[in-house]
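Subject: Structure for you to look at

Hello,

Please find the structure below. My notes follow it, grouped by topic, so that you can read them with the model open.

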Amino acid sequence: MGLLSDPVRRRALARLVLRLNAPLCVLSYVAGIAWFLALVFPPLTQRTYMSENAMGSTMVEEQFAGGDRARAFARDFAAHRKKSGALPVAWLERTMRSVGLEVYTQSFSRKLPFPDETHERYMVSGTNVYGILRAPRAASTESLVLTVPCGSDSTNSQAVGLLLALAAHFRGQIYWAKDIVFLVTEHDLLGTEAWLEAYHDVNVTGMQSSPLQGRAGAIQAAVALELSSDVVTSLDVAVEGLNGQLPNLDLLNLFQTFCQKGGLLCTLQGKLQPQDWTSLDGPLQGLQTLLLMVLRQASGRPHGSHGLFLRYRVEALTLRGINSFRQYKYDLVAVGKALEGMFRKLNHLLERLHQSFFLYLLPGLSRFVSIGLYMPAVGFLLLVLGLKALELWMQLHEAGMGLEEPGGAPGPSVPLPPSQGVGLASLVAPLLISQAMGLALYVLPVLGQHVATQHFPVAEAEAVVLTLLAIYAAGLALPHNTHRVISTQAPDRGWMALKLVALIYLALQLGCIALTNFSLGFLLATTMVPTAALAKPHGPRTLYAALLVLTSPAATLLGSLFLWRELQEAPLSLAEGWQLFLAALAQGVLEHHTYGALLFPLLSLGLYPCWLLFWNVLFWK
Amino acid sequence: MAAAMPLALPVLLLLGPGGWCLAEPPRDSLREELVITPLPSGDVAATFQFRTRWDSELQREGVSHYRLFPKALGQLISKYSLRELHLSFTQGFWRTRYWGPPFLQAPSGAELWVWFQDTVTDVDKSWKELSNVLSGIFCASLNFIDSTNTVTPTASFKPLGLANDTDHYFLRYAVLPREVVCTENLTPWKKLLPCSSKAGLSVLLKADRLFHTSYHSQAVHIRPVCRNARCTSISWELRQTLSVVFDAFITGQGKKDWSLFRMFSRTLTEPCPLASESRVYVDITTYNQDNETLEVHPPPTTTYQDVILGTRKTYAIYDLLDTAMINNSRNLNIQLKWKRPPENGYIHYQPAQDRLQPHLLEMLIQLPANSVTKVSIQFERALLKWTEYTPDPNHGFYVSPSVLSALVPSMVAAKPVDWEESPLFNSLFPVSDGSNYFVRLYTEPLLVNLPTPDFSMPYNVICLTCTVVAVCYGSFYNLLTRTFHIEEPRTGGLAKRLANLIRRARGVPPL
């Protein structure tokens with residue numbers, strides 16, 4: 001600090017920052033990317049380990065043997081479902097009661113803001129059925145949840161069968177210390193959301209539902225199950241939840257323990273765990289998994305119904321049975337045993353899961369990168385913005401002092417020239433206009449869908465997406481007009497001040513995002529930072545403009561979709577990609593309204609206006 | 001005569017209880033009773049009651065000879081001038097929706113409520129000491145009762161026994177929802193019984209079976225009662241009750257048949273020789289809508305019909321002579337729906353003081369039929385001091401169950417019966433008239449998660465943070481609030497000014 005308070009050295013340092021700014025920026029950016037890529041190599045990625053004592057050392061013996069029973073339940077369920085065309089509520093109630101549970105139902109209804117074309121639903125009403133296994137000699141203060149989301153199609157019947165068979169098996173045991181809730185939801189995640197909101201007696205998404213008659217205390221952990229075949233080749237585990245929230249790492253460790261114990265083949269992001277981390281192959285394979293996780297987490301979608309539990313601080317994950325073309329297959333008993341083991345160990349918990357990591361990245365099922373190790377990556381990227389802002393600040397400052405400087409040492413206290421004040425005042429208009437554009441982007445598509453459908457031959461969902469794109473594109477044209485209004489005394493100072501403000505705004509936003517959802521922050525920083533640093537109204541403007549458009553939030557989304565499918569080894573064609581992009585836009589808006597996902601407001605109210613500022617800088621006259 | 005007594009005494013002791021009867025009418029008596037109720041859900045509830053009555057003025061000093069009444073409790077009554085004491089330990093939760101209304105309801109955990117005599121000057125002090133003594137007697141953590149979890153209800157918890165005035169200033173009520181009940185609490189409770197667990201109904205109280213159940217609640221109630229019909233003097237009554245619910249699904253493999261042996265792994269062989277009455281009641285009420293017939297084996301000697309909790313019930317009575325293999329039927333189905341906010345009524349609210357006393361909200365409300373009442377309370381979150389966290393802070397913190405006391409209109413009018421003669425299960429709560437019956441319901445305790453700091457290395461974190469803040473804050477504040485510029489030393493004086501003049505003349509920048 002003494003370095004900075006000494007004017008002479010301060011000036012020397014400032015000169016250094018000014019002169020070496022460009023190389024420092026490049027270096028910092030490269031360091032950030034390199035750090036991220038290095039995360040998959042062993043010193044940075046570590047083996048996972050069980051931190052929770054209550055689940056670590058004790059062994060449990062799984063005795064579940066109800067495979068036939070599960071299949072019979074599944075067959076009956078599927079038949080009744082086919083017959084009634086919806087969730088067979090009465091059958092479920094009867095069956096759950098017959099295995100000895102306390103059974104309750106909850107009806108809910110929700111009108112979506114506009115028709116959901118991916119899931120083909122608009123006015124949704126359904127019924128959740130749940131049975132509670134009351135733990136003996138416990139006062140229903142704590143519970144565990146096993147949930148199966150049922151969609152409109154005929155998937156997940158086997159999951160319901162297994163759930164019922166497990167319930168029957170669990171009911172006969174006396175060691176339960178926590179109540180166990182067996183929950184079957186209709187309309188998959190919408191039902192889960194309705195149930196969770198009613199359970200916690202809140203209403204955050206405008207869901208209309210009947211109050212719950214039976215409760216079971218604070219939910220300690222939840223497991224969502226998705227199974228659509230009698231045999232599985234592997235179990236895939238999904239951890240990413242709403243807004244990039246992750247469950248405690250111990251829950252994943254628990255799953256992995258029972259995968260190993262039962263000899264089950266378990267995958268993460270659909271990828272097998274690489275065995276050899278010492279050679280280059282393992283880390284490269286890990287990098288694929290890691291990138292997939294970053295993309296999924298950045299999307300902020302709940303990847304499975306567990307994702308909605310996380311908002312209520314309930315540790316949860318989704319297990320998906322995969323039936324592919326492998327030789328060796330496992331039946332429902334193996335899956336049931338893994339679940340039984342997990343529930344028995346969760347039953348041992350004395351406290352909520354809290355010992356292990358909540359913020360982590362996974363390059364493999366048994367490898368993780370902790371927050372302390374991955375944060376520097378985004379730190380280096382944000383440093384670029386800081387350096388650039390510092391340079392601009394000094395240039396502005398020097399420009400203010402510049403007139404006296406050739407004349408030798410300035411007299412005591414040079415008052416700030418009035419031009420600087422004008423520079424700041426001139427920022428108000430572009431800031432307000434870009435922010436207003438963001439607001440329009442957030443509000444208008446849903447609000448104006450009916451107007452759009454009246455005047456154009458489009459459906460509501462299309463109308464929303466097209467309005468989104470139209471407003472987005474209109475934002476590019478608008479800012480040209482703003483700076484004609486404002487007086488431009490010192491031409492350079494205007495855009496410099498604007499860029500300075502934009503840089504700080506962007507750095508702050510990305511910093512905040514990276515703290516809560518690293519993946520999203522990192523993804524946006526990787527794309528937006530270089531062009532944000534480059535943007536200026538001189539030089540090859542068309543090149544800059546092209547770059548800026550390519551790194552805008554919407555283009556990032558499009559690019560992410562291509563990368564995502566590429567990593568999944570199912571590359572997209574351009575047309576498919578575009579269709580997927582449009583669907584993703586609609587889903588993003590829908591998920592904001594139905595589940596409270598924050599990606600859409602974040603992009604439209606925060607990053608898009610900020611990006612418009614850079615666009616404004618680029619076309620400054 | 002005085003000379004003859006020392007001689008007579010050894011003889012009387014040898015004769016045993018029978019000898020006492022000859023010498024003088026017994027001043028204390030013991031009745032024991034077991035009620036077995038098949039619950040609507042198919043589970044089976046067993047309620048034990050042991051009632052010791054002592055026609056003695058315990059309040060007066062000088063009572064030194066105890067026979068059936070446990071000395072530990074008797075001394076407690078005189079030392080702390082108790083009027084009533086109600087203590088219950090419960091593991092599990094009575095599920096009214098599935099099991100119907102209970103004879104004896106208790107909240108999960110430990111509950112203690114005490115009425116002191118109006119001669120007590122410092123009620124809080126006596127309360128504190130009493131809870132500590134009880135903690136020792138019952139091996140429970142009752143010593144954690146302090147002002148932060150004690151309240152003085154004004155509307156509920158009226159005295160159950162004789163009372164001429166009910167100034168609620170002498171009432172104290174506390175619940176410890178986290179208290180875990182186990183054999184260590186059962187053993188001292190059993191030791192208070194005159195026959196311990198050697199003979200009579202208490203033979204069935206085997207810990208490993210009792211703690212194999214879905215619900216376990218044991219309680220001690222002490223209260224004064226009328227000694228005779230005209231109520232000229234008082235007697236002391238000690239009731240020890242124990243309710244358990246056996247899970248038919250687990251113990252009976254899903255069947256609804258049960259037997260004493262299957263439930264308790266013991267059969268009854270002999271009555272407690274000290275007891276004046278020892279009975280087993282089995283609820284054999286049949287309802288027409290079920291086509292199930294029930295058969296109790298062996299056939300009961302007598303039956304007893306009464307209106308219990310608003311329903312006419314039939315009980316098979318066994319006067320403790322038989323061991324039974326009994327089939328059962330289900331019933332007793334009263335459901336309570338309480339809904340819709342009240343329009344008027346009595347509301348008493350005593351706000352909490354941080355770390356001194358808890359919130360108390362009492363409402364006297366008239367509930368319309370078939371309605372939903374939702375009572376919600378807004379609260380502010382407050383952070384605990386770091387020393388106030390429990391060793392397992394992530395488990396959460398318990399909020400005590402709330403209590404609902406109600407006089408429910410009876411479906412069938414009960415005929416007035418002799419209180420002293422009626423079975424024990426029907427005579428704990430005083431009945432004003434036959435058209436109502438008293439019900440007390442408890443809700444589940446609530447487990448609330450408070451924001452918890454990371455206790456894994458708080459010290460390091462605090463040190464590091466403080467250092468960083470201390471070092472950076474000062475410097476940054478310094479840098480941000482000052483402007484730095486080089487001050488020309490004025491002491492350069494005349495020579496420098498002259499030099500500068502010359503330099504300016506030459507067109508060279510000044511020094």
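Is A:Ala474 buried, partly exposed or exposed? With a relative accessible area of 36%, A:Ala474 is partly exposed, because the middle class runs between 20% and 50%. Please keep in mind that this is a predicted model. A:Ala474 belongs to helix 16 of chain A, which covers residues 460-477. Along the chain, A:Ala474 and A:Met437 are 37 residues apart, and their C-alpha atoms are separated by 8.7 Å.

Annotated spans in chain A

An unreviewed UniProt entry gives the annotation "transmembrane region" to several spans of chain A, including 463-479, 500-523 and 596-619. Such annotations may be inferred rather than shown by experiment. For residues 500-523 of chain A, the model has 96% helix and 0% strand, with the end C-alpha atoms 22 Å apart. Residues 596-619 of chain A are 83% helix and 0% strand, and there the end C-alpha atoms lie 36 Å apart.

Cavities

Rolling a probe the size of a water molecule over the atoms shows where empty space is left. In this model, 11 cavities of 30 Å³ or more were found. The largest cavity holds about 180 Å³ of space. Its lining consists of 19 residues, and those nearest the centre are B:Leu104, B:Gln105, B:Ala106, B:Glu111 and B:His221. By type, the lining of the largest cavity has 10 nonpolar residues, seven polar and two charged. Five strands of chain B each give at least two residues to this lining: strand 3 (82-91), strand 4 (109-116), strand 7 (215-226), strand 8 (234-246) and strand 18 (436-442).

Aromatic rings

Over all chains, the count comes to 38 aromatic pairs. A:Phe357 sits in the loop between helix 12 (332-347) and strand 11 (360-364) of chain A, while A:Phe368 is in strand 12 (residues 367-370), so the pair ties together parts that are 11 residues apart in sequence. A:Phe357 counts as partly exposed, at 25% relative accessibility. A:Phe368 has 0% relative accessibility and therefore counts as buried.

In chain B, the planes of B:Phe157 and B:Tyr173 are at 35° and their ring centres 4.3 Å apart, so this pair is tilted. B:Phe157 lies in the loop between strand 5 (150-151) and strand 6 (171-176) of chain B, and B:Tyr173 lies in strand 6, 16 residues apart. Both B:Phe157 and B:Tyr173 are buried.

Back in chain A, one aromatic cluster is made up of A:Phe170, A:Tyr175, A:Trp176, A:Phe182 and A:Phe343.

Charges over rings

A:Arg215 lies over the face of A:Tyr199, 4.7 Å from the ring centre. In chain B, the charged end of B:Arg172 is over the ring of B:Tyr169, at 5.7 Å from its centre.

Backbone angles

Which residues other than glycine have a positive phi? A:Asp188 is one, with a phi of about 20°. A:Asp188 is part of helix 8 (residues 188-199) of chain A. B:Ser196 is another, with phi near 45°. B:Ser196 is found in the loop between helix 6 (183-191) and helix 7 (207-210) of chain B.

Regards

Key. Residues are numbered from 1 along each chain as its sequence is written. Chains are lettered from A and ligands numbered from 1 in the order in which they are written. This is a predicted model: local features need pLDDT of at least 70, side-chain atom pairs count only at pLDDT 80 or more; totals for chains, interfaces and linings use all residues. Side-chain values use heavy atoms; hydrogens and water are left out. On a 1 Å grid over the protein atoms alone, a cavity is a set of points where a 1.4 Å probe fits but cannot get out, and a pocket is an open set with protein on both sides within 12 Å along at least five of seven lines; lining residues have an atom within 4 Å of a point. Grid points are joined across faces, edges and corners, and a volume is the space filled by probe spheres set on the points. Helices (H or I, at least four residues) and strands (E, at least two) are DSSP runs, numbered from the N terminus. Ala, Val, Leu, Ile, Met, Phe, Trp, Tyr, Cys and Pro count as nonpolar, Asp, Glu, Lys and Arg as charged, and the others, Gly among them, as polar. Rings of Phe, Tyr and Trp (its six-membered ring) pair if their centres lie within 6.5 Å; planes under 30 degrees apart count as stacked, over 60 as edge-to-face and the rest as tilted. Buried means under 20% relative accessible area, exposed over 50%, partly exposed in between (1.4 Å probe, protein chains only). A charge sits over a ring if NZ of Lys or CZ of Arg is within 6 Å of the ring centre and within 35 degrees of the ring normal.
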